[in-house]
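Hello,

Here is the structure you were waiting for. My notes follow below it.

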Amino acid sequence: MTQHLDSKRLQRPGSGKVLAAVLGLVAALSLGAIGQARAVPAEQAAADRGGGQIRADRWSDRAHGFASLAGGTTGGAGGKVVTVTDQAALAAYAAAEEPYVIRVSGSIAVEPFGSDIVVTSNKTIIGVGDTGEIVHGELHLNPGTHNVIIRNLTIRDSYVEGDWDGKTTDFDAIQMDTADHVWIDHNRFEHMGDGLLDIRKDSQYVTVSYNQFRSHNKAFGIGWTTNLLTQITIDHNWFTGTKQRNPSADNCAYAHLYNNYLSAQVADGDAVWTYGNWSRGRTRMVIESSYYDGVQHPYQADATAELVQRGSILRNTSGRTDTWGTAFDPRSFYDYRLDPAAAVPSLVSRFSGPQQRIGVTLHVPGDHPTVQDAVDAVPDGNTVPVTIAVAPGTYRAKVYIPATKPNIVLQGTGQDRSDTVIVYDTPAEYGGSTGSATVRIAANDVTARHLTFSNDFDEAAVELKGEQALAMKTTGDRIVFEDTAFLGNQDTLMTDSPKLDVISRVYIRDSYIEGDVDFVYGRATTVIERSVIRALSRGSDANNGYITAASTWKGNPYGFLITRSKVVSDAPVGTFHLGRPWHPGGEPAAVAQVLIRDTALPAAVKTAPWTDMSGFSWKDARFAEYRNTGPGAAPSPDRPQLTAAAARTYTVTDYLKGTDGWAPHTRR
């Protein structure tokens, strides 16, 4: 962007040392929430059922229970992500030999009525939002199929009028024979032709969780074999308006049922074949902390079976409640956390079935070896957020999120943002300033959390004309950075837009930005809130650099806002500028707008903190301050100040709302 000043920063410690030093500095300065947020690993969030948005949603993208054992169940992880809207595409991808994550968008009506969609191994089939559904058709897993995830779908309406017992058709919602490692989660099954869910013929390592079984006779059957092989976990499901098989488990080696909710059972006067849970044959069944409301024969066992029940609540029930034998100890197989039985009706009715927020999470390096591979797997034009969960580590590679891939959440899963670092070392000498960027985000609606972005090009070690080295460049709209760090020297962070008169918006909160020359720059409307900005000393006694270099379009009243933040620096007193006006290529319509308000400024800031650039006077730009504090905020004639009245129209809301009312700062 700009030609580097002659004087250089004398020494740049490694990224880990910089982060450690700044965290210590943050603590010493008593910044409170600024820069202190912590990431919660996905698995920990799933296990912790306490408050907070992730945990309150009651879902994890990792299988639990028996499906998590013996290698686990990962579905189509590592395969291409595709979105289907019709039967032909669904059938083709579901039956393919290679792994796929198949997103079902909207309603797919299957023809002929009651037909099977065959699902082969290594597939994830997942509804987009809460409206993905399969109508009049069955998902069928043939013998030998393994590693399948079916989530967030409604499968409904293959019922043949007058065939209540399902004797003339076999139109299940899902049927599997001798399959293994299957996770069925957050689906709604209703009004089908035979069973809603049939898990048959020695299928193994299966978990059925957070589903709704509705408006049906034979809900959920397991077994139909004399062998004792099936291991199944059944938790947090809602059986309502069903008659029998809720479930029926025949000759299961281990059937663990917990926190299920049975309500509004069909009451047709059938004294035998209206029931809740049945341990049949030689099944060993454990039931824990479930809730039965208005159920005949809540749980029963054959004389040859075993059934242990602990902590369930029975309300308005009648008939059999058999318990005998010792069955097995589920905790000898896996860990789990029980909700109290009294909480089950509200929890399960709220959180079972398809959920708007369940999407696709792509794990790096678990599912994809690099961040770029995961980005490439996201389908073009996706409308529901796809999370790329990046495990702790240092990823030395560039990342590009193109404009065709909106709605990505890039999230580090370590305990601290410094645990997960995306870094490269290209200067502008090799490919221009854009080409130097470690990460480029051209798409709209991208969020990054709990990550460090770095360009560790060592400007003091070499002499180049183009020493700009970007850690991040954005051109998309509605970009959010939360608990992130941006490490570099010159031009660390560029927030831009596709062209001068197009307005893009970026919101940065609880983050850390470091650099020396123009290290926050560009023409996007950008808010930096509750963050630490570190102005690095380059060893000069007169001029160590500039924090901002805005190039705001003159038709845009809102450029950069730095608010409720803290600027820190090890530069000598009076050697750092707050900013200068950048006119790319001499463009006269780029008229910088920068407001720094309610922010602590160090002694390193000059008493005349704004300066000219490339022949353009800072006095023709739109620079201002308001209510800043600290030794670097002392008033002077060369420090324009907003009035209190004007400050009321230059708030975070004003900067970000645009024409669509975007308000990421209101989400906590």
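Predicted model: local features only at pLDDT ≥ 70, side-chain atom pairs only at ≥ 80, totals over all residues.

How many bridges join strand β43 to β46? There are 3, and the two strands run parallel. Strands here are DSSP runs of E, at least two residues long, numbered from the N terminus.

Residues are numbered from 1 along each chain as its sequence is written, and side-chain values use heavy atoms, with hydrogens and water left out.

Back to the sheet. It is open, with 7 strands in the order β30-β33-β35-β37-β40-β43-β46 and parallel pairing. Strands pair if DSSP finds at least two bridges between them. The edge strands, β30 (399–401) and β46 (576–579), each pair on one side only.

Now the aromatics. The whole structure holds 26 aromatic pairs (Phe, Tyr or Trp rings, the six-membered one for Trp, with centres within 6.5 Å; planes under 30 degrees apart are stacked, over 60 edge-to-face, the rest tilted). Tyr 558 and Tyr 655 have ring centres 4.7 Å apart and planes at 50°, so this pair is tilted. Tyr 558 sits in the loop between β43 and β44, and Tyr 655 in helix α9 (H or I, at least four residues), so the pair ties together parts 97 residues apart in sequence. Tyr 558 counts as buried at 18% relative accessibility. Tyr 655 is buried too, at 3% (buried is under 20% relative accessible area, exposed over 50%, partly exposed in between, with a 1.4 Å probe and protein chains only).

Best wishes
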